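Dear colleague,

Please have it open while you read.

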Number of protein chains: 2
Amino acid sequence: MKKDERHQLLRKLVQKDVITKQEDFVDKLHERGIEVTQATISRDIKELQLVKAPAQNGGYRYNLPPEMDYDVSQKLSRLMKDAFVSIDTQREFVLIRTLPGNAFALASLIEAAKYKEMFGCVSGDDTVLVISRDEESAKRLQKKIISFI
Amino acid sequence: MKKDERHQLLRKLVQKDVITKQEDFVDKLHERGIEVTQATISRDIKELQLVKAPAQNGGYRYNLPPEMDYDVSQKLSRLMKDAFVSIDTQREFVLIRTLPGNAFALASLIEAAKYKEMFGCVSGDDTVLVISRDEESAKRLQKKIISFI
DNA sequence: AGTGAATAGAAATTCAAT
DNA sequence: ATTGAATTTCTATTCACT
């Protein structure tokens with residue numbers, strides 16, 4: 001199983017089940033016949049930026065990172081499915097192509113999403129250029145943006 | 001130094017400084033002449049529901065719990081300073097008294113705040129009754145609501 | 001209740017291998 | 001690049017005391 005697949009699964013699991021420690025992930029994956037160790041889960045958690053949060057009841061629970069506004073997320077999802085053409089990164093830049101006339105709207109939504117990785121964002125008619133902090137950030141942004149399709 | 005004071009200070013510190021581990025808190029407090037151990041900080045973190053989040057740069061950072069909308073928070077703050085009279089808990093209930101005619105507005109804002117501890121919330125003219133999950137939740141809600149004054 | 005000292009328990013990293 | 005085994009580091013809890 002590829003890392004990206006496992007990451008997707010972890011995101012599912014952390015929402016569906018109450019995960020109180022990393023071993024819980026190891027066990028859940030084991031149930032599905034996927035063998036990983038705690039070391040790998042620790043790295044996954046870091047990459048996915050999951051957080052271990054003290055819960056209401058007194059225990060702990062791993063959570064997804066704080067999401068952007070539901071509203072923004074909805075609109076991004078619709079616009080991306082609708083008008084997305086391609087995405088690529090070059091150094092600390094992310095270049096997104098859209099159908100003509102949609103780039104400005106997309107740029108506005110990306111601004112509204114307040115990605116921590118993002119410095120700024122400019123748009124033409126069918127092109128959005130996102131400037132991020134560094135190459136790593138650009139790659140992470142690419143993944144996040146693609147996930148809306 | 002009282003626990004509540006220390007909690008307030010921790011909330012300040014976690015915003016101002018980059019705290020990567022609990023010992024960082026111990027050190028920061030030590031600099032201010034406050035002697036606590038890591039054990040106490042661990043308990044504080046649990047009570048304040050601070051989270052250790054993987055950061056953009058590859059490290060870790062303790063953060064405040066995800067906040068409610070800025071907008072809601074602003075309005076709550078204004079209304080509380082304006083119209084708050086008293087607050088008390090009884091079992092799993094929180095009873096808030098306001099100046100006459102303000103309870104409904106306060107209840108709406110409390111609803112909008114989407115506190116996890118809250119079941120429901122009803123209001124009269126000068127009284128808001130919040131129903132929470134249990135006694136502990138009620139006490140936590142009381143603290144959170146008072147903090148807007 | 002709130003706390004510290006000691007300890008158990010959980011998570012992150014190192015080191016090696018692939 | 002990705003991982004597991006071992007290890008280190010960090011965090012939570014226990015126990016005793018106040």
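This is a predicted model: local features need pLDDT of at least 70, side-chain atom pairs count only at pLDDT 80 or more; totals for chains, interfaces and linings use all residues.

Over all chains, the structure holds two aromatic pairs. In chain A the partners are A:Phe25 and A:Tyr62, whose rings lie 6.3 Å centre to centre with 50° between the planes, which makes this a tilted pair. The pair links distant parts of the chain, since A:Phe25 belongs to helix α2 (residues 22-31) and A:Tyr62 to strand β2 (residues 60-63), 37 residues apart. Both A:Phe25 and A:Tyr62 are buried.

In chain B, the ring centres of B:Phe25 and B:Tyr62 are 6.3 Å apart and the planes stand at 50°, so this pair is tilted; planes under 30 degrees apart would have counted as stacked, and planes over 60 as edge-to-face. Because B:Phe25 is found in helix α2 (residues 22-31) of chain B and B:Tyr62 in strand β2 (residues 60-63) of chain B, the pair ties together parts that are 37 residues apart in sequence. As for accessibility, B:Phe25 has a relative accessible area of 0% and is buried, while B:Tyr62, with a relative accessible area of 7%, is buried.

Turning to charges over rings, A:Lys52 lies over the face of A:Tyr60, at 5.1 Å from the ring centre. In chain B, the charged end of B:Lys52 sits over the ring of B:Tyr60, 5.2 Å from the centre of that ring.

Technical notes
Residues are numbered from 1 along each chain as its sequence is written. Chains are lettered from A and ligands numbered from 1 in the order in which they are written. Side-chain values use heavy atoms; hydrogens and water are left out. Rings of Phe, Tyr and Trp (its six-membered ring) pair if their centres lie within 6.5 Å; planes under 30 degrees apart count as stacked, over 60 as edge-to-face and the rest as tilted. Helices (H or I, at least four residues) and strands (E, at least two) are DSSP runs, numbered from the N terminus. Buried means under 20% relative accessible area, exposed over 50%, partly exposed in between (1.4 Å probe, protein chains only). A charge sits over a ring if NZ of Lys or CZ of Arg is within 6 Å of the ring centre and within 35 degrees of the ring normal.
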